[in-house]
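Student: I have a model open and want to go through it with you. Can we start with the terms and then move on to the residues?
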Amino acid sequence: MMTFKSESGQVTTISKLNICFCGAGSMAEALVRGLITKNLTKPQQISMLNRKNMVRLRELHGRYGIQTIEQGLDHDELLKNADVVLLAVKPTDSVDTIESMKHLFNPRQLIISVIAGLSIETMSRLIGMSMPIVRTMPNTSATIGLGVTAISYSNAVSDEQRLVAEKLFGAVGITEVINEELQNAATGVFGSGPAYAYYLMEAMIAGAGKLGFDSDASLRLVVQTILGAAEMVRITSEHPAELRSNTISPNGTTQVAIDLLEQFSLKETITKAIVKAAERSGEMGKELEMKIN
């Protein structure tokens with residue numbers, strides 16, 4: 001049951017695996033939606049646990065047909081029978097959650113975490129036995145299949161299990177395998193990244209409103225402007241700095257706007273904000289470590 005390679009040596013596909021989600025938030029739902037929409041597995045192979053919100057479990061069962069204890073299934077059995085256990089709880093709940101279920105884990109299971117700040121070493125200490133562990137940091141754009149997920153592996157993760165993890169998160173966007181030392185940085189840049197883009201859009205919408213556009217037009221036109229700029233970078237593969245330079249005419253409208261942003265050191269402020277977010281991810285990890293000391 002809990003193997004990733006058949007006797008013939010063929011890699012087991014995700015569709016043959018039982019995947020148990022611990023946590024029923026938006027990220028867990030995004031992954032479930034991606035797996036089902038991309039036909040990587042069937043709802044019957046997916047289970048979801050959430051002790052605090054049975055209404056949410058009913059909602060997700062009705063929407064996707066996944067398995068939950070609401071259908072009379074046993075909580076412990078769902079965990080025991082899982083080939084992949086995906087931890088998608090809040091960081092503040094992570095230590096208690098793992099400690100409460102670790103006795104149900106099996107060394108052949110693959111543990112995947114989407115918990116910010118929680119290191120592979122801390123998870124290993126919490127679990128108390130050697131297990132293959134994957135640490136990831138997806139961002140919220142996974143909800144619409146355009147996410148970015150940074151992935152790191154423990155030494156116990158096999159090649160077949162790596163393929164499973166990358167296929168799973170590939171269902172909701174692009175993936176990048178990184179050394180775990182970069183996970184906090186990934187959190188600061190990509191994990192929190194959508195919020196930075198939304199913040200810029202808020203400012204642009206406010207500016208449009210101040211200049212006379214109504215709210216609907218402001219939102220629609222700003223969204224298209226950001227979408228078009230992102231597509232220009234993607235399609236042309238040119239650096240954003242080069243594309244920005246190409247839009248500027250000396251003493252023109254864009255030039256005076258950029259000059260003002262430079263005057264207020266906007267670029268440096270954003271860079272500092274990203275570093276701050278990365279540092280906070282590291283602090284969260286240390287706080288979680290202290291809970292088990």
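Tutor: Buried means a relative accessible area under 20%, exposed means over 50%, and partly exposed is in between. E29, at 8% relative accessibility, therefore counts as buried. Keep in mind that this is a predicted model.

Student: Which residue does E29 meet in a salt bridge?
Tutor: The E29 side chain meets that of R33, at 3.6 Å from N to O. Both residues lie in helix α1 (residues 26-37), four residues apart, which is about one turn of the helix.

Student: Is R33 buried or partly exposed?
Tutor: R33 is partly exposed, because its relative accessible area is 27%, whereas E29 is buried at 8%.

Student: Which residues are linked with that pair in a network?
Tutor: The network of salt bridges links E29 and R33 with R56, E59 and R63.

Student: How many salt bridges does the structure hold?
Tutor: Ten. Another of them joins the side chains of K80 and E77, with N and O 4.0 Å apart. K80 and E77 are separated by about one helical turn, because they are three residues apart in helix α3 (residues 75-80). K80 is partly exposed at 37%, and E77 is also partly exposed, at 36%.

Student: Where is I178?
Tutor: I178 sits in the loop between β7 (173-177) and α7 (183-191). I178 counts as buried because its relative accessibility is 18%, and the cut-off is under 20%.

Student: What does I178 touch?
Tutor: Leaving out residues up to four places away in sequence, I178 touches A150, I151, S152, Q183 and A186. Y153 is 25 residues away along the chain, and its C-alpha atom is separated from that of I178 by 8.6 Å.

Student: And N139, where is that?
Tutor: N139 is in the loop between β5 (133-138) and β6 (147-153). N139 is buried, with a relative accessible area of 6%. Beyond its neighbours within four places in sequence, N139 is in contact with M27, G147, V148, F190, G191 and P194.

Student: Changing topic: which residues form the nonpolar patch on the surface?
Tutor: L211, F213 and L221 form it, with about 340 Å² of accessible area together. L221 lies in helix α9 (residues 215-236) and is partly exposed at 42% relative accessibility.

Student: Now the whole protein. How many helices and strands?
Tutor: Twelve helices and seven strands. The C-alpha atoms fill a box of roughly 70 × 40 × 40 Å along the principal axes. Of the 293 residues, 39% count as buried.

Student: What share of the contacts comes from residues 24 or more positions apart?
Tutor: Such residues account for 64% of the contacts with a separation of 6 or more.

Student: Last one: how many positive and negative side chains?
Tutor: There are 28 positive and 31 negative side chains, and the centres of the two sets lie 3 Å apart. The protein exposes about 16300 Å², with 56% of that supplied by carbon and sulfur atoms.

Note on methods
Residues numbered from 1 in each chain as written. Predicted model: local features only at pLDDT ≥ 70, side-chain atom pairs only at ≥ 80, totals over all residues. Heavy atoms only, no water. Helix = DSSP H or I, 4+ residues; strand = E, 2+ residues; numbered from the N terminus. Buried < 20%, exposed > 50% of the residue type's maximum accessible area, 1.4 Å probe, protein only. Contact = heavy atoms within 4.5 Å. Areas by Shrake-Rupley, 256 points an atom, 1.4 Å probe, with all protein chains shown as cover. Lys, Arg positive; Asp, Glu negative; His and termini not counted. Charge placed at Lys NZ, Arg CZ, Asp CG, Glu CD. Patch = residues over 30% accessible without salt bridge, like charges linked within 9 Å, V, L, I, M, F, W, Y side chains within 5 Å.
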